[in-house]
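Me: I have a structure here that is new to me. Can we go through it?

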Amino acid sequence: MFIRRRNPLDPLGGTETPESYVLSRRRALKVAGGVAGVAALGGGGYAGWQWFRGSDAEVIERGNTGTEAQQGLSRFFPAAPDRRFTYGRPETVEAEAARYTNFYEFSSFKSSWRNVGKFKTEPWTITVSGLCRNAFKLDIGDFMARYASRLVERQYRLRCVETWAMAIPWTGIELGWVLKDADPLPAATHVRFVSFDRPSEAPGMAGTPEMPWPYTEGLTLAEAANELVLLATGMYGHPLLKQHGAPVRLVVPWKYGYKSIKSIERIELVKSRPATFWTTLDPEAYPFQSNVEPDVPRPWPQDTERMLGTGDVFPTQLYNGYGQYVANLYVG
């Protein structure tokens with residue numbers, strides 16, 4: 001059991017969630033992980049496995065927004081590659097990455113891709129506000145146009161706290177450029193990110209109204225300004241699929257995947273550490289910082305990771321292997 005009470009000195013935000021839900025999540029994760037075993041069974045077991053996986057074409061097509069807005073965004077792809085970053089391992093096949101996603105707004109299982117059909121990514125606006133001199137609000141198309149010259153493609157590894165990992169070519173804008181335009185005030189110490197809140201389009205959200213929706217995440221201002229942090233708008237040379245957090249998400253490659261919040265609507269500069277979705281639920285298992293640390297269970301042992309698609313197992317690296325870029329943030 002990994003539920004803990006929130007520190008009373010922490011800033012307030014969200015709502016406390018019943019212990020029964022956190023425990024049910026553990027059970028759901030066990031069920032989701034056990035689905036792989038049905039492939040070895042005959043009859044209905046194999047049919048269930050095929051339903052879970054779907055075809056590669058189906059998995060990709062379900063996630064396409066199919067809107068004029070997405071077609072318009074396609075003109076920004078592919079972006080120039082930033083060759084400073086390499087995986088150090090084989091790239092994850094796109095369909096495998098799209099098939100196996102955590103997006104609890106749509107499902108507590110890894111088949112979230114099946115439930116994103118009603119999700120509307122047009123129109124979509126991004127608001128940057130809070131303790132800054134230049135707050136702004138832009139349509140996603142205008143946002144992309146504003147930062148078109150800053151778009152880059154980077155090969156990043158993404159590490160989930162559940163110990164699976166991906167190697168993905170992300171396209172995005174360094175968050176630091178956006179924060180520079182916003183011009184934070186001296187009082188700003190953290191950045192809060194807020195996702196959408198539309199239960200009518202998200203069955204996972206509708207089915208768990210007791211959860212602290214909308215999904216929120218946060219970074220210190222120093223972390224957010226680090227050059228590795230991307231506001232990602234695409235993968236594999238095209239706009240994001242819905243199950244990956246279309247039309248814009250965060251990618252923080254040295255932290256566990258739940259820190260890389262999907263489908264962002266608001267970016268807020270704030271004066272204290274914000275409450276976040278998983279930290280509100282279980283601060284010991286999902287602490288605010290959540291750096292990849294092989295020697296610290298969170299709550300699973302974290303010393304190895306399994307690559308999606310191939311099942312190859314690699315030793316986990318501190319900061320997911322990005323220590324040369326971020327270790328200075330945590331000195332002392």
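Me: Which residue forms a salt bridge with Arg114?
Reply: Glu58 does, with the closest N and O atoms 3.5 Å apart. A salt bridge here is a side-chain nitrogen of Lys or Arg within 4 Å of a carboxyl oxygen of Asp or Glu. Arg114 lies in the loop between α5 (94-99) and β2 (125-130) and Glu58 in helix α3, so the pair ties together parts that are 56 residues apart in sequence. Helices (H or I, at least four residues) and strands (E, at least two) are DSSP runs, numbered from the N terminus.

Me: Before more of that, what kind of model is this?
Reply: The model is predicted: local features need pLDDT of at least 70, side-chain atom pairs count only at pLDDT 80 or more, and totals for chains, interfaces and linings use all residues. Residues are numbered from 1 along each chain as its sequence is written, and side-chain values use heavy atoms, with hydrogens and water left out.

Me: Back to Arg114, is it buried or exposed?
Reply: Arg114 is buried, at a relative accessible area of 16%. Buried means under 20% relative accessible area, exposed over 50%, and partly exposed in between (1.4 Å probe, protein chains only). Glu58 is partly exposed at 28%.

Me: What else does Glu58 form a salt bridge with?
Reply: Arg62, with the closest N and O atoms 3.3 Å apart. Both lie in helix α3 (residues 56-63), four residues apart, about one turn of the helix. Arg62 is partly exposed, with a relative accessible area of 28%.

Me: And how many salt bridges does the count come to?
Reply: By this rule, 21. Another of them joins Glu305 and Arg159, at 2.8 Å from N to O. Glu305 is in strand β12 (residues 304-307) and Arg159 in strand β4 (residues 152-159), so this pair ties together parts 146 residues apart in sequence. Glu305 is buried at 2% relative accessible area, and Arg159 is buried at 0%.

Me: New topic. Which residues have the most contacts inside the largest nonpolar core?
Reply: Trp170, Leu175 and Leu250, in a core of 80 residues. Such a core is a set of buried Ala, Val, Leu, Ile, Met, Phe, Trp, Tyr and Cys residues joined through side-chain atoms within 4.5 Å. Its largest share, five residues, comes from strand β5 (residues 164-174).

Me: Last one, why is strand β7 called largely enclosed?
Reply: Four of the five residues of β7 (residues 216-220) are buried, so the rest of the structure largely encloses this strand.
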